Amino acid sequence: MPIVVRIDVELARRKMSVGEFAERVGLTPANVAVLKNGRAKAVRFSTLEAMCRVLDCQPGDLLEWVDDGDER
């Protein structure tokens with residue numbers, strides 16, 4: 001998958017648990033796990049904004065595009 005989600009890195013930097021993060025963002029821990037594991041098909045801008053607000057970061061700190069080498 002060319003988009004890598006780095007929520008776990010930002011949570012570790014802040015020593016914040018998934019449960020605390022989920023509560024502060026307004027998501028269930030299960031939905032945070034879906035995001036963290038890269039299984040999400042989409043992220044609402046309002047959710048991304050809430051995650052950035054809670055973690056005091058930029059969207060690029062949470063999402064990274066990685067070239068998978070598959071040229072079409």
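Colleague: Is Trp65 buried or exposed?
Modeller: Trp65 is exposed, with a relative accessible area of 59% (buried means under 20%, exposed over 50%, partly exposed in between, with a 1.4 Å probe and protein chains only). This is a predicted model, in which local features need pLDDT of at least 70 and side-chain atom pairs count only at pLDDT 80 or more, while totals for chains, interfaces and linings use all residues. Residues are numbered from 1 along each chain as its sequence is written, and side-chain values use heavy atoms, with hydrogens and water left out.

Colleague: And where is Trp65 placed?
Modeller: Trp65 belongs to strand S2, residues 63-65 (helices, H or I, of at least four residues and strands, E, of at least two are DSSP runs numbered from the N terminus).

Colleague: Switching to the core: which residues touch the most other members?
Modeller: In the largest nonpolar core, which has 17 residues, these are Ile7, Phe21, Met51, Leu55 and Leu62 (a core joins buried Ala, Val, Leu, Ile, Met, Phe, Trp, Tyr and Cys through side-chain atoms within 4.5 Å).

Colleague: Which elements give two or more residues to this core?
Modeller: They are helices H1 (7-14), H2 (18-25), H3 (29-36) and H4. H4 gives the most, with six residues.

Colleague: What is Phe21 in contact with?
Modeller: Apart from neighbours within four places in sequence, Phe21 contacts Ile7, Leu11, Met16, Val32, Met51, Val54 and Leu55 (heavy atoms within 4.5 Å).

Colleague: Back to H4: is Thr47 buried or exposed?
Modeller: Thr47, which lies in H4 (residues 45-55), is buried at a relative accessible area of 16%. Not counting residues up to four places away in sequence, Thr47 touches Val25 and Leu27.
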